[in-house]
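Trainee: Could you take me through one part of this model slowly, the place where protein and DNA come together? I'd like the cut-offs along the way.

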Number of protein chains: 2
Amino acid sequence: MQASTDIETSEALTERQKAVLDAALRLLVEEGDQLTMTAVARRASCSKETLYKWFGDRDGLLTATVQWQASKVRVVPVDRKGLDLASLTASLERFASDWLKVISSDTSIALNRVAVSHAGSGKDDLGAIVLENGRFALARRLKPVLDAGQQAGLLEFSDAEAAFRTFFGLVARDVQIRLLLGDRLEMTDAAIGGDAVRATQQFLALYGAKTGPQGPRAG
Amino acid sequence: MQASTDIETSEALTERQKAVLDAALRLLVEEGDQLTMTAVARRASCSKETLYKWFGDRDGLLTATVQWQASKVRVVPVDRKGLDLASLTASLERFASDWLKVISSDTSIALNRVAVSHAGSGKDDLGAIVLENGRFALARRLKPVLDAGQQAGLLEFSDAEAAFRTFFGLVARDVQIRLLLGDRLEMTDAAIGGDAVRATQQFLALYGAKTGPQGPRAG
DNA sequence: TCAGAACCGTAACGTACGGTACGGTCTTCT
DNA sequence: AGAAGACCGTACCGTACGTTACGGTTCTGA
């Protein structure tokens, strides 16, 4: 449950190793969990011996691949000064839109699938990594925004974690589980944008401070 | 995407076959996706030849197992007459509580894990079945309640599907994905009950008709 | 009682794949 | 230039497991 070692490991990779992990990632997206060491070696034009030397075993390669992908999505910090309702709304919509884009991407779906499978097989390495770099990373980035909104008198809540989880639910709804289960659910940019606006409005309706007449209703 | 064949197949099973599927289900919960045909045969005290004769191949056994479990959870219809705010609230809380109990159960987690893995491997049979008997079955059962609430003047929405999905998000939040990814998340009866009440109140705050002073706020 | 089907237990087969070994090639360092 | 190491390609090994085959036992129906 700690997110400490992902930076070092991703920094310590050579360009060649990154290329190999990119190949593994592409293969994972294309073929799902049944990617074989032979297939990775062929796709990356490297030998299996090298794979085993660098990553130990198949699980090590999988773990390195997930961490490599996780290290690629970096944070865009949100400025907390001059926060008003408009900028708070924009921030929340941005978070919602980004998150929907992530969970509906082929890469995220493939990674979550293999992590879910992995979690079902005793060792929960991949599950913890995906969770740490997905849902928990989102919470860490969003919480400061929520706190700032509360300090600015725009939001009202007693438990930031509960508020975050409500926002999470309003944004994701059934999208992720449906995609993971293979449902064809086209998440176009327009749909994502609309969902982000709706989720933000609903969240503000629930947690927005009652000072002032901003009570938009969802439809 | 149709839910037609699950009834017939489950009815056509002999007691012995049901016992075998129960054994497979228990094994699936205990050992995850790597249950072998040999293990199922041993656990069920039957021969592998019988397994292949009855279910065709491993995928057939998996499919039959998932359908068998799906056929076991039956519907408790909700009476739509004399609907007032109290009974609507109770119905929604009941749905929320039931759903949280389902998605946090070992059986559901194991089934969803294998279905997610399966969906990642081309054939999306299990994913469609789980989706059909889970999320879509819930929608079919809840929609009449929402419609009745609207006709009784208690709810306001233009799109029942959107309203349902919001309810779904408010109830499930991040619970299912965290459990699927192996997060230790103890869902006690008390926590489930509290979540059900909170989700219902939030849903009513968003979709409740504005006639009358019922605007409880979540904490 | 007897034939035949259903079924159990186990052995056997074939294959896929994780993991290892090895020869050949290229780079690097001295 | 020559030695050492990293790496590629491929062949190979061992095992796990899906699938099939078969002998023996129990059930069923005439």
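Mentor: Here's a walk from the DNA surfaces to the chain pairing and back to one helix pair.

First, the ground rules: this is a predicted model, where local features need pLDDT of at least 70, side-chain atom pairs count only at pLDDT 80 or more, and totals for chains, interfaces and linings use all residues. Residues are numbered from 1 along each chain as its sequence is written, while chains are lettered from A and ligands numbered from 1 in the order in which they are written.

Start with DNA strand C, which has 18 residues around it; a residue is near a strand if its C-beta atom, placed from the backbone, lies within 6 Å of it. The closest are A:Thr36, A:Asp57, B:Cys46, B:Ser47 and B:Thr50. Two or more residues each come from α3 (37-44) and α4 of chain A and from α4 of chain B, with α4(B) giving the most, four residues. Helices here are DSSP runs (H or I, at least four residues), numbered from the N terminus. By class, that surface splits into four nonpolar, seven polar and seven charged residues. Ala, Val, Leu, Ile, Met, Phe, Trp, Tyr, Cys and Pro count as nonpolar, Asp, Glu, Lys and Arg as charged, and the others, Gly among them, as polar.

Now DNA strand D: 17 residues surround it, the closest being A:Cys46, A:Ser47, A:Thr50, B:Thr36 and B:Asp57. Here α4 (48-55) of chain A and α3 (37-44) and α4 (48-55) of chain B give two or more residues. The classes come out at four nonpolar, seven polar and six charged.

How do the chains relate?

As for the pairing, 38 residues of chain A are in contact with 38 of chain B, contact meaning C-beta atoms, placed from the backbone, within 7 Å. The largest share of chain A's side, seven residues, comes from α7(A).

Back to α3(A): A:Ala19, A:Val20, A:Ala23, A:Ala24 and A:Leu27 of α2(A) meet its A:Ala39, A:Val40, A:Arg43 and A:Ala44. That contact has eight nonpolar, no polar and one charged residues.

Methods:
Contact = placed C-beta atoms within 7 Å.
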